[in-house]
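Welcome! Take a moment to look over the chain below, and then we can walk through some of its backbone features together.

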Amino acid sequence: MTQPRLQQTVTGEVSFEGVGIHTGKPATLTVRPAAPGAGIVFVRSDSPNESRIPARLEHVAGTELGTTLTADGVEVLTVEHILAALYACEIDNARIELHGREVPILDGSFEPYARALDEVGRERQTERVEVVEVAEAFTEKGSRGSSYTALPAETFLVSATIEFGHPAIGRQHGGFAIEDGGFRQNIASARTFGFRNDVDALRERGFARGASLENSVVLGTEEVVGGNLRHRDEFLRHKVGDLVGDLSLIGARLRGHIVAERPSHAGNIALARAIRERHDRRRRDRRLDIAEILDALPHRYPLLLVDRIVDFEPSRRIVGLKNVTINEPFFRGHFPGHPIMPGVLVVEAMGQVGGLLLMDAVENPKDKVVYFMALRSVKWRRPVIPGDQILFEVEMVSFRRGVCKMRGRGTVEGRVVAEAEMMARVVDR
Ligand SMILES: [Zn+2]
């Protein structure tokens, strides 16, 4: 089992200035650090409320010739290149202040963003990234001939085919690894492109007003106008980059092999939604599975101290509930007339919740049992009394050579009652 890495943000801030490819208007974009769990959030610093627009699928408002996000009545146009660069540079949390309506197009590729983000550097944060996996193969059909097949894979791979009835493009096909520098090496420098014959009609409709030979590969009737291509299949590579930017709106690290036929922004977003939905559904189903594992816990009354699992992210985090009633056997002797749940049993309950997280991470959990080896930094903050509902949240810190470190916290109505660091080992029963 591999642990998802820790979340990362930028170590400093970095600014960009340039025109938007569609609006033709100048804009300034500044990337700043953000807290763990914040995700990528655009902030329209020129809007009266400094509106926040999270870079997530729920905020997609348009997919024609670029991906547009909206929230709070304001928009951000053409988000895909900066988002792809952030994904490729493994920046999970950032505040992106945009003074203007559209992200600057710069040279039309992902490279200026990716290079600057690498230069400013990134730092590890305290929480782990969410990983969204393609667990089983499925196909998603988009409009106008685009279609996608998503397959399980150990890492994030994209194979794509594009087809344009233009002699300089034709049919192009290739497979690319996105992680571990793959995007930086093979995709980042590929520029966006457009057809000279379409320009007037597009400008009429409010598109491509900032497009020029400085920020696009321009195709004439037969040929590439002015300058050379950066790759023979630069068009294909750029489309792969756009796909990565669009899929980053899932808001997690992706594990899967995407096979895309004639990808489009609309199709990319539909695929991203399908991946997210399937993942979330599986997570809900897993929560039911864990109910079965709960049965498999060796503990029985009166020492089974978990009632229900309410949230569960495999190998990452688990949340369990314990309803403390006056009928608990320990209240009879602890203390007569003044019932308080023994502190060590609060920690025991937390350990049982953590044990489930651990059991799920091993094979054949029904043949295993969890032994606790160490408790550290145990703190009891307030007493637990009959009628309390304790919510235990346990996070996996590391899991190496069969030994797991976890951090747990119990709360009653949002107030911490106990916390501890726990070390445990899984052994055969
Ligand atoms: Zn693009």
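Aspartate 180 sits in the loop that runs between strand E15 (170–177) and helix H3 (182–186). Please keep in mind that this is a predicted model. The phi angle of aspartate 180 is positive, about 50°, even though the residue is not a glycine.

Is aspartate 180 buried or exposed? Aspartate 180 has 11 other C-beta atoms within 10 Å, and a residue with 12 or fewer counts as exposed, so aspartate 180 is exposed.

You can find arginine 401 in the loop between strand E23 (389–400) and strand E24 (403–412). Arginine 401 is counted as exposed because 6 C-beta neighbours lie inside 10 Å.

## A cis peptide bond

Which two residues are joined by a cis peptide bond? They are histidine 334 and phenylalanine 335, with omega at about 0°. Phenylalanine 335 belongs to the loop between strand E21 (317–323) and helix H7 (343–360).

## The chain as a whole

Stepping back, the chain holds seven helices and 25 strands.

The chain has 429 residues, and 38% of them count as buried. If you take the contacts between residues at least 6 apart in sequence, 71% join residues at least 24 apart.

Terms used: Residues are numbered from 1 along each chain as its sequence is written. This is a predicted model: local features need pLDDT of at least 70, side-chain atom pairs count only at pLDDT 80 or more; totals for chains, interfaces and linings use all residues. Helices (H or I, at least four residues) and strands (E, at least two) are DSSP runs, numbered from the N terminus. A residue is buried if 20 or more other C-beta atoms lie within 10 Å of its own, exposed if 12 or fewer, and partly exposed in between; C-beta atoms are placed from the backbone. Two residues are in contact if their C-beta atoms, placed from the backbone, lie within 7 Å.
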